Amino acid sequence: MTSTAETTSRPATRRRTSVRAQADARFGLLLATPALILVLGLVAWPGLRTAVYSLQRVSLAGEESWTGLNNFRTLFTDERFIHSLTTTVLYAVGFLLVSTLLGLGFALLLNEKFHGQWLARSLLIVPWACPWVMVGMIWKWFVDGEVGALNAALYQFGLIDSYAAPLSDSTGALVVAVLAGAWRQASFTGLLILAGLQTIPKELPQAAMVDGANVWQRFRHLTLPWLRPVIVVVVIINTIFGFMQFDTIWALTQGGPGDATSVLSIYLYEQLFVYTNIGLGSATAVVLGGIALVLGFVFVKLLYRSNAITEGVE
Amino acid sequence: MDVRYPTAGSFPISASLSRRNLLRGALAAGLTVPAVPLLTACGDSAAKTNDTPGTLSMTAWEAYPEQIRELLASFKNQGGSPVDLSLIPNVGYGPALQTRLQGGQAIDVFYNFAYASTKYVDAGWAGTLNDFPGAEDLLADMFPASAARHRLADGRIISVPYFSAVHNLMYNESHLKKHGISAPPTTKEEVYEQCRKLKSAGVPSPYAGYWTKQFLEEYLLVYLLADGITPFDDKGAPVFADDPRTQDVMEWWKAMYQDGLTSKDVLTADPGNHVTAMAQGNSTFFELHHYFLQIVRTTEGPESGNVTILYRNPGTAGTTLQIGEVIQIGAKSGGQRAQDAWKLLKFYGWKDDVGKYSTFTSWAKAAALLGPYPGLFKDPDFLAAFPSYYDMPKLENTFANQSDVVPTRVAPWYASFQVKVGDRIQAMLLGQADVKETVDALATDARNLAAAGQ
């Protein structure tokens with residue numbers, strides 16, 4: 001039996017704990033304030049300014065006048081913008097598929113035990129260590145129509161009769177741009193998925209093998225569901241990178257030949273820094289940011305749903 | 001024991017040093033550190049001139065950084081102000097500089113691309129130079145044709161030269177002799193015929209040119225000028241489109257690409273690829289700035305020593321394009337500070353304190369760069385800086401009589417036109433647009449951009 005003193009002291013303790021928790025929360029918020037100010041100053045403020053500029057006509061001298069949605073109307077009636085948007089979607093889809101599948105392949109391979117596994121795992125990080133612009137330059141030389149290593153290899157193996165110059169062809173240039181960007185991103189994707197694979201308890205595949213599951217069945221019904229949260233994160237990151245890509249494409253083709261690889265970020269660059277049309281450039285940034293935001297939101301929703309499924313199974 | 005848990009608003013006065021108090025101190029410091037630059041950034045970025053003499057700020061792209069430092073040290077030794085140098089990588093220089101200036105940063109002196117120079121003055125980022133002592137003398141010392149890059153039609157002087165160059169056709173003399181070609185080409189038709197002959201004799205890519213999107217506009221002007229076609233009139237109207245010879249030039253250009261007389265990668269290849277091709281003997285002709293001859297020669301490939309320059313560009317007129325980048329003064333420099341900055345501009349873009357072209361001589365030694373002053377070609381130090389394979393009297397003649405800066409190139413809308421040229425000419429070369437359509441579209445682009453002031 002509980003004494004009266006004990007029963008009265010419990011709410012008091014709870015109340016004191018609650019007061020303490022609130023104080024801690026407030027104090028924690030205060031401690032986070034410097035970082036919050038920085039984030040707001042460096043991310044939110046420029047973001048807000050960009051949104052405001054997208055509704056204005058802005059001269060280089062700093063004069064601003066409201067134009068409502070005119071910049072967006074101009075954008076969506078500009079053939080070049082529509083072309084860049086289409087190219088961006090094509091690029092992003094290719095980038096997402098190649099980088100994710102290649103990364104998954106790398107991770108599955110490097111999760112197996114073999115001689116030199118440590119070296120292979122170390123090498124996986126090399127492309128990720130290269131800056132995007134460097135990746136563009138490396139690939140430019142790799143696929144060069146005169147001295148490119150890819151041409152040399154294909155020629156030596158008798159797969160081509162003469163050297164090809166993919167960057168001088170509209171479709172070829174886009175394919176190379178996708179492969180170059182995806183090659184780097186696959187490295188990071190591989191690392192994330194490999195980390196996910198390491199968390200699979202050893203007993204699970206062993207038990208599946210005892211139950212007679214073959215390699216494909218183990219991958220399909222065990223590995224893939226286990227990796228689903230990681231893969232959703234990977235898909236979010238790769239989609240955003242795909243839509244935002246600039247450096248690699250710029251180093252490879254400057255958006256050419258013609259406007260074959262002119263993605264939205266290149267269109268944005270030209271509006272801001274060549275045409276110095278700050279309003280239109282900001283509107284492009286808002287569209288590009290909006291696409292990334294919507295896709296991010298959708299994927300996060302998917303992530304929570306997949307987590308719910310996993311938790312439900314557990 | 002009565003333990004008090006202080007809330008944020010009730011700090012105990014008698015509190016001793018504890019983890020929490022330490023964190024509070026850190027909090028206060030943490031709030032101050034980011035707030036200061038942010039508050040500064042939120043301040044008025046509008047132009048307030050800085051009249052205070054002192055260390056000047058200069059922004060340049062990263063070409064020969066050690067040499068820039070040496071020049072600035074030399075400026076200081078001659079009684080100039082100390083200079084705080086900020087270097088920006090060549091790739092992305094324009095956007096970086098624009099962002100800094102638009103953000104309100106005060107820069108006293110900066111390198112700029114000639115095509116952006118008027119725009120920067122109009123935006124209030126760069127100042128005019130008319131009121132500085134000696135500005136008129138500086139322009140009077142130049143080749144008359146070159147001065148149009150620095151003085152606008154309305155009389156404003158907006159920049160001084162950083163360096164100048166001319167487009168020339170470089171060629172491999174030995175290749176021509178070996179394949180029975182007695183003399184280098186004098187017309188475009190001869191260029192085409194010789195390239196066909198060389199191609200069938202086994203030269204993989206007889207003609208090399210830096211035909212990437214960003215540089216195609218230079219080539220458009222080079223090819224038009226060589227045939228005596230006026231690209232733009234005095235008011236900047238695209239009169240090239242009214243000249244029937246323009247279509248012939250474009251047809252020639254298209255045939256050179258589509259008939260395989262250039263490298264397959266010519267639309268995306270860097271100059272380094274073409275230099276290598278010339279040095280290795282994979283190309284016979286290379287059209288680019290005159291100073292690339294030195295690069296080809298110093299590459300020391302098996303054919304490097306056989307490459308020379310044709311000082312008259314192939315075409316009925318033989319005229320070529322004179323290019324060059326500029327240096328400008330920041331609009332926020334005023335009073336004595338502006339005078340000090342002008343002194344640096346004169347040193348860097350004209351003569352030093354003792355009347356010598358020391359900066360241009362320095363660039364000539366480093367990279368065979370030129371300046372737009374006739375006096376340079378009489379200066380023994382400058383002439384001695386060029387290797388013997390340059391024929392300096394001929395180079396001078398090209399500058400004085402056979403080149404054009406095309407003054408429209410500094411119009412505020414011209415950078416936008418350059419982008420259009422890149423897109424449209426590459427599409428034409430790839431066969432995605434016909435010649436007439438391309439010429440008409442370029443003229444329309446120029447008119448529209450000029451009308452919009454972009």
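Over the face of which residue does Arg184(A) lie, at 4.3 Å from the ring centre? The residue is Trp128(A), and Arg184(A) also lies over the face of Trp132(A), at 4.2 Å from the ring centre. Here a charge sits over a ring if NZ of Lys or CZ of Arg is within 6 Å of the ring centre and within 35 degrees of the ring normal.

The model is predicted, so local features need pLDDT of at least 70 and side-chain atom pairs count only at pLDDT 80 or more, while totals for chains, interfaces and linings use all residues. Residues are numbered from 1 along each chain as its sequence is written, chains are lettered from A and ligands numbered from 1 in the order in which they are written, and side-chain values use heavy atoms, leaving out hydrogens and water.

Over all chains there are 56 aromatic pairs (rings of Phe, Tyr and Trp, its six-membered ring, with centres within 6.5 Å; planes under 30 degrees apart are stacked, over 60 edge-to-face, the rest tilted). Trp128(A) and Phe188(A) are stacked because their ring centres lie 4.3 Å apart and their planes meet at 15°. Trp128(A) belongs to helix H5 (residues 126-129) and Phe188(A) to helix H8 (residues 170-198) of chain A, 60 residues apart. Helices (H or I, at least four residues) and strands (E, at least two) are DSSP runs, numbered from the N terminus.

In chain B, Phe232(B) and Trp413(B) form an edge-to-face pair, 6.1 Å centre to centre with 65° between the planes. Both are buried, that is, under 20% relative accessible area, where exposed is over 50% and partly exposed in between (1.4 Å probe, protein chains only).
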